[in-house]
Amino acid sequence: MTTPPGWYPDPGQTPQLPPQERWWDGTAWTSHTRPGAGTVTGTAGQPGPNGKGAGRGPLVAGILGAVVLTAALAVGGVLLLGGGSDEEKPEAARSSSSPDGSKGKGESAPPEDEDSPSDPPSDAPSPIPRVARDPLLGIGLTVPEGWQRANDHNAAALSKSAYRCPADSAGKKCVRGGGFIKETRGSWSDDDELRELTEAQVAKNAKASYPKKSYGGITSHKVVESGAVTVAGEKGYRVRWRVKNKLKPDAYVEAVVFRSPESSASTLVLWSSVDIADAEDASPVSVLDDLRKGVVATGTGQDEGPRKTV
């Protein structure tokens, strides 16, 4: 007696990320996932259905999952690990227990449906691509080496390296860096307005990616890079801060605002951040440039539902 093959709630789901389902083939969990039934995708640094993001500590999110991580993909020092690629899911989450909580591979479970297929249906996701794509915004984010996609339906990526958030007594995990693209309110008619909009976005990113509850609070910051850029062929502007946290590590936090390649009436922003740490698993600050240069227009797909903007 085994649990029938089918889509069930993912046993390895991270609470701060949008609900998702994983395919159970009748004996073990597979690598195939899809958004959970009734999920409303958000748009913010690993954003969640309520538009809030998980800190990288609990967002680099903020993205970092709207989101995804909206302050959920916040992306930098504070993205919570756990919404990464299926390849990173613990094997125990895939095969040790069946969807009804019983052990797989022959132990007691509901009767098997003889008509159920042993393989996932045709709508099962294909292997995780190198580009994290948001089908609603028509934008993609190239995943840097040593990083992973945040989830299956947002242009979001995060470092695979994790550590205990320095100010979190509950032992939550933070990751070394993250990036997330979302739609944002605001428009501009000249370069000064574009700069002001970007300055406001980098401040939001810093607060979401390195929250007080995870890093003790940001004590100071300074602008280290700013200026006009081209993103996915569109005009944009970037501002990069170096922030000092009450509790180490410090970090680089960046916001890049640009017009959507899909619609000139839509404004997008890339939130990204990375720890400043003397550690083998730390990413160099140049990864922020890689993320910006790796933004690509992918074209829109099926509407996944309403998204919140920040």
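**View 1. Side-chain directions in strand 2 of the predicted model.** From strand 2, Gln 20, Arg 22 and Trp 24 point one way, whereas Glu 21 and Trp 23 point the other way. Residues on both sides are buried, where buried means under 20% relative accessible area, exposed over 50% and partly exposed in between, with a 1.4 Å probe and protein chains only. Strand 2 covers residues 20–24, and because 5 of the 5 are buried, the strand is largely enclosed by the rest of the structure. Strands (E, at least two residues) and helices (H or I, at least four residues) are DSSP runs numbered from the N terminus. This is a predicted model, in which local features need pLDDT of at least 70 and side-chain atom pairs count only at pLDDT 80 or more, while totals for chains, interfaces and linings use all residues. Residue numbers start from 1 along each chain as its sequence is written, and side-chain values use heavy atoms, with hydrogens and water left out.

**View 2. Pairing of strand 1 with strand 2.** Trp 7 has Trp 23 of strand 2 as its bridge partner. Gly 6 is opposite Trp 24 of strand 2.

**View 3. Hairpin of strand 2 and strand 3.** Strand 3 (residues 29–35) pairs with strand 2 over 4 bridges in the antiparallel sense. Opposite Glu 21 stands Arg 34 of strand 3. The hairpin has 4 residues between its strands, and Gly 26 adopts a positive phi near 105°.

**View 4. The open sheet 1-2-3.** The sheet is built from 3 strands in the order 1-2-3 with antiparallel pairing. Strand 1 and strand 3 are the edge strands, each pairing on one side only. On average, neighbouring strands of this sheet are turned by 40° against each other, direction ignored; the axes are lines fitted to C-alpha atoms, for helices over the stretch in contact, and angles run from 0 to 180 degrees between N-to-C directions.

**View 5. Strand 10 and its partners, strand 7 and strand 14.** In strand 10 (residues 177–183), 6 of the 7 residues are buried, so this strand is largely enclosed by the rest of the structure. Strand 7 (residues 156–159) is joined to strand 10 by 3 bridges and runs antiparallel to it. Strand 14 (residues 267–276) pairs with strand 10 over 7 bridges, also in the antiparallel sense. Gly 178 is the bridge partner of Leu 158 and stands opposite Ser 273 in strand 14.

Definitions and conventions:
Two strands pair if DSSP finds at least two bridges between them.
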